[in-house]
Amino acid sequence: MSLTESQAPANPEGSSERVQPTDAELVHLIGLTSSELTTLMTERGQPAYRGKQIARWLYSKRAASPSMMTDLPASLRTDLDTWAVARTLSAIRMDAAADGAIKYALQLRDGLAIEAVYLPYQDRVSVCLSSQVGCPAGCTFCATARMGLKRQLTAGEIVEQYLWLQDAQPNRRISHAVFMGMGEPLLNVEAVIQALRVLIVEVQVSARNLTVSTVGAVPGMLRLAESGLPVNLALSLHAPNDGLRAQLVPTARAWPLLQILSAADQYRLQTGRDVTYEYVLINNVNDSEANARALTDLLDGHSGSVNLIPYNPVKGIEVYEPSTSDRIGRFRRILVAAGRTVTQRMRRGLAVSAACGQLAGADGSKTSQRHIRRSR
Ligand code: SF4
């Protein structure tokens, strides 16, 4: 991302009146790389090394605001405080499940809320990040879909979720992140690419440990491939044919399965990274033996493992229920017999509605603040 005039408000010096920037005009420092911060500083007439200093404060020392960056000159800190922000998220609520998953409802500067989930495993700690407030994709089995799209998240707001979760849970280093929270990441592709860049370059998360999920937003898939970031792609299929898929993933009507699979092949070729096919198993909807056979036919010639996800129930969507273990077993065996590698996602956070498809935002005005453990 290059910094443009519009991202860096004009230097107020020389003007007799200081005009307060609106929220949208404030520069979110988190979400910029060290070299972008350097450009920003030099554009403001500051020495180039100030960019690195600010990056250190943001990503290593976790400064919540420019005023905390004590090795910057006082005049620069005061100036930054008028047109830039560092941390913008605040916690509304925390819900911990017995399996270790913790769901945080986080409030944005404009009062809207998102959810992000901390997922500790024996060998790693992962987080599930949101990319939009709500989601426009309309998947009929998903709680987030019912919110519609309220707005896109900025790169800074995405990176901040990761930092927030790490600060809230400091005992283990977060090594993995999946973009499977609220929103369809590739319908907010530029912000997601910028957030990935910052996580890789500044927060030192291995690109191999980052996974972007999509329902098959083809232009976004191609753009992510073109970005050259070697992150994993999780392609949510959920159906073996376009007819059934249109019922479960209405956005899918824009991109037929064959076009999506061809974009996935291109992604694999361009990035050298794996594509995983995700398939939510819903009882008597998409989990029959015929569905499994159709899926093996569909994926013939396209490499990648299949990740089966038992449907996570959502309050208010009673029409769907999880597949029985018998049906899951039969479905799985057909794929394996066809030579496909199949994994089954562990259900984490079910008890606190933090599992896949269950994130639905929170209304800060109605939720309790009792259990919040603040990071700063
Ligand atoms: S499953 Fe994902 S893409 Fe579909 S509506 Fe929910 S959040 Fe959006």
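Me: In which sense do strand 3 and strand 4 pair?
Reply: Strands are DSSP runs of E with at least two residues, numbered from the N terminus, and two strands pair if DSSP finds at least two bridges between them. Strand 3 (residues 90-96) and strand 4 (residues 102-107) are joined over six bridges, and their sense is antiparallel. This is a predicted model, in which local features need pLDDT of at least 70, side-chain atom pairs count only at pLDDT 80 or more, and totals for chains, interfaces and linings use all residues. Residues are numbered from 1 along each chain as its sequence is written.

Me: Which residue in the turn of the hairpin has a positive phi?
Reply: Strand 3 and strand 4 form a hairpin with five residues between them. The positive phi, about 100 degrees, belongs to G100.

Me: How are helix 4 and helix 5 oriented to each other?
Reply: The axes (lines fitted to C-alpha atoms over the stretch in contact, with angles from 0 to 180 degrees between N-to-C directions) of helix 4 (residues 155-168) and helix 5 (residues 189-201) come within 8 Å and cross at roughly 45 degrees. Angles under 35 degrees count as roughly parallel, over 145 as roughly antiparallel, 65 to 115 as roughly perpendicular and the rest as oblique. Helix 4 and helix 5 are therefore oblique.

Terms used: Helix = DSSP H or I, 4+ residues; strand = E, 2+ residues; numbered from the N terminus.
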